[in-house]
Amino acid sequence: MNLVFLGPPGVGKGSLAVRIASEYNLLHISTGDMLRAEIAAGTELGRLAEKYINDGNLVPDSVIIDMLLAKLESESASNGYILDGFPRTLNQARELDKHVRIDAAISLEAPEAVLLDRIANRRVCPACGKGHIAHKMNGRLCDCGAEVVTRDDDKAEVAKARLETHNRLTAPVLDYYKDTGKLISVDANDTMEGVANKVQRILEELGR
Ligand code: AMP
């Protein structure tokens with residue numbers, strides 16, 4: 001089964017995708033993670049992507065579509081995959097459909113105030129990459145001993161710009177999947193456990 005997870009920044013898409021992918025033995029492909037790896041490795045693609053990411057903008061379609069399609073070709077995903085953070089524009093959604101079959105697009109939804117609050121509380125470990133929630137931490141250290149940080153693009157001004165970009169460019173992607181009968185909306189203003197249960201029920205209904 002090939003799934004797309006859609007949702008604004010802060011909705012919990014990434015953590016949920018990791019969890020569902022592991023439970024259903026699906027490959028988890030996050031374009032945000034791929035870009036951050038390129039930045040960390042100092043590649044040309046990473047240097048190009050960084051300025052868009054740090055301004056809260058999308059990386060151009062011409063770059064991201066090729067990167068994603070190359071990844072899909074290089075990976076073996078016989079049991080299917082979850083695309084996390086792709087497609088984010090109508091053009092990306094159309095290009096994706098030219099190359100692969102998507103079974104369902106799961107749209108995670110929550111009010112903007114909830115999203116901004118979650119982003120403000122999000123921390124990441126620069127050493128091992130593990131995600132944390134600030135108000136649930138005891139101190140500032142990750143389990144691996146490194147001090148957690150706020151992702152540059154989670155800082156308040158950039159977070160607002162990312163939400164604005166999402167509303168402007170990614171909202172039409174929801175209509176695209178609605179029109180093709182593949183959109184399934186999930187209320188994500190809930191605990192991680194609650195949202196995961198809803199998505200599990202949906203996947204069972206889809207015939208997993
Ligand atoms: P994420 O971790 O999914 O929130 O992605 C972080 C940033 O990477 C986004 O704010 C975009 O700048 C960029 N990015 C990730 N996926 C895409 C995509 N499908 N299209 C364009 N830019 C992307």
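What follows is a dialogue on how terms are applied to a predicted model.

Tutor: In this predicted model local features need pLDDT of at least 70, side-chain atom pairs count only at pLDDT 80 or more, and totals for chains, interfaces and linings use all residues. Residues are numbered from 1 along each chain as its sequence is written, and side-chain values use heavy atoms, with hydrogens and water left out.

Student: Why is the pair Arg151 and Asp153 called a salt bridge?

Tutor: A salt bridge requires a side-chain nitrogen of Lys or Arg within 4 Å of a carboxyl oxygen of Asp or Glu; the closest N and O atoms of Arg151 and Asp153 are 2.8 Å apart, so the pair meets that definition.

Student: What makes Asp153 buried or exposed, and what is Arg151 called?

Tutor: Buried means under 20% relative accessible area, exposed over 50%, and partly exposed in between, with a 1.4 Å probe and protein chains only. Asp153, at 7%, therefore counts as buried, whereas Arg151, at 21%, is partly exposed.

Student: How do you know that Arg162 and Asp153 meet in a salt bridge?

Tutor: Their N to O distance is 3.8 Å, and both Arg162 and Asp153 are buried. Salt bridges that share partners join Arg122, Arg151, Asp153, Asp154 and Arg162 into one network.

Student: Why does Asp61 have no salt bridge?

Tutor: Lys and Arg count as positive and Asp and Glu as negative, while His and the chain ends are not counted; the nearest side chain of opposite charge to the buried Asp61 is Arg94, 9.1 Å away.
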